[in-house]
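Hi everyone, thanks for making the time. Have a look at the model on the screen, and I'll walk you through a few parts of it.

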Amino acid sequence: MDRIYLDNNATTVVDPKVKQAMEPFWLQRYGNPNSLHRFGTETHPEMGVALDRLYAGIGAADADDVIVNGCATEGNNTILKAAWVDGILEGKKSRIVSTAVEHPSVAHTLDWLEQRGVEVIRLQPNHEGLITPEALAEGFDADKTALVSIMWANNETGIINPVKELAEFCREKGVPFHTDAVQAVGKVPVNLQEVGADYLTFSAHKFHGPKGAGGLFVRSGCSFTPLLHGGEQMGGLRAGTVNVPFFVGMGLAMELAVDSLHYAQTTMATLRNRLEDAILALPDTMVLGKREHRTPNTILASFKGIEGEAFLWDLNQAGVAASTGSACSSESLEADATLRTMVSDADLAHTAVRFSLSRFTTEEEIERVISVVEGTVKRLRAISSTY
Ligand code: C6P
């Protein structure tokens, strides 16, 4: 039985073209790019191409910085801690404004900063799961705020925030704006010429690149304090020997993701909708967030009377991989943050399952998942004590 992978918000398969592009940098061209001999310098052309692809992929201008790093968790930590160092420790500001539904790499960093005296405001999404400019504006104090950090698209629901308007609001107030765009790249256009974010994070393994590679955009003229000090790599903005194969792979993965945007928003969305319609055709089910507000690959569905973990177990037995929410909280039995915020019924929040597609998901796979889901729901409800 072939396995079916519908957990692409956790990570994605590496595109074979990406794997191939990384290949020469393991055994042949393994030099340190900072070395002056040929082993080092022969890595430069592909690294240059990769960087160009990253700039083009997110619409960064030449004067901006795109810092290649280890993952989005690193990018998010870097920016939040830089805001603490630059804006807060120096006594100019006291506050970071974010949301109650950020990924743990933002949420737990904010908790850590809070324990060190930073005032953290966590905005609640509205009934549609969106963080609106009105919610941001309410009680906003530009004099106190060192940074606003609001995710572009939520990893659990796929809900897309109005980042253009949020960034504009911050620009008008003169407060820097960061967005975690991990779940946006390759699913919606991410163009920093149009969206005036000052900082943006992304992660290669969410768009068919390698795990352990990410990027941090810093707009020209915005203040920046590196997290890692040491060598002069990345122009001194992120010390540490550059991981050349991952760098090259991420660049190509970005280009392929952007080239596939139309496919993602049409064919992939159609497959997602087919699965979603089949789920909603079952009694007592719901999907969080309006379709038009979501990334084209994500469904967070609730099945009354069925524990999310039990559902996943059964799906797994049938060869289907999904998740109950974000992969890094999957060992916790607590309903996750996004769900607790959006669903008032605690029982319903425990029944959620996330299905996330990729551009490699096929129609046959979706048809098989539908029949597995239908069978699983019937069986688990028959033995449920709450249904
Ligand atoms: N979310 C999920 O199952 P890393 O792994 O550091 O490259 O990415 C972290 C990260 C940051 N922001 C968002 C919005 C994310 O979705 C993730 C990764 C996965 O939802 C794994 S926990």
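Let me start with a term: a nonpolar core here is a set of buried Ala, Val, Leu, Ile, Met, Phe, Trp, Tyr and Cys residues joined through side-chain atoms within 4.5 Å. Buried means under 20% relative accessible area, with a 1.4 Å probe and protein chains only. Before we go on, this is a predicted model, where local features need pLDDT of at least 70, side-chain atom pairs count only at pLDDT 80 or more, and totals for chains, interfaces and linings use all residues. Residues are numbered from 1 along each chain as its sequence is written, and side-chain values use heavy atoms, leaving out hydrogens and water.

So, which residues touch the most other members of the largest nonpolar core? Out of its 73 residues, they are Leu136, Trp152 and Phe202. Helix 9 (residues 244-259) supplies the largest share of this core, 10 residues. Helices (H or I, at least four residues) and strands (E, at least two) are DSSP runs, numbered from the N terminus. Take phenylalanine 202: leaving aside residues up to four places away in sequence, its contacts include Leu54, Val182, Phe207 and Met254, where contact means heavy atoms within 4.5 Å. There's also a second, separate core of 29 residues, with Ala264, Val287, Phe355 and Val377 among them.

Next, strand 5 (residues 145-149). Five of its five residues are buried, so the rest of the structure largely encloses this strand. Strand 5 pairs in the parallel sense with strand 3 (residues 95-99) over three bridges; pairing takes at least two DSSP bridges between two strands. On that side, isoleucine 96 stands opposite leucine 147. Strand 5 is also parallel to strand 6 (residues 177-180), over two bridges, and there valine 148 stands opposite phenylalanine 177.

Three strands form an open antiparallel sheet in the order 9-10-12. At the edges are strand 9 (285-287) and strand 12 (352-356), each pairing on one side only. Strand 10 (residues 298-303) and strand 12 pair over five bridges, with isoleucine 299 opposite phenylalanine 355.

Last stop, threonine 11, in the loop between strand 1 (4-5) and helix 1 (16-22). Is it buried or exposed? Threonine 11 counts as buried because its relative accessibility is 15%. Beyond residues up to four places away in sequence, threonine 11 touches Tyr5, His205 and Lys211.

Note on methods: Buried < 20%, exposed > 50% of the residue type's maximum accessible area, 1.4 Å probe, protein only.
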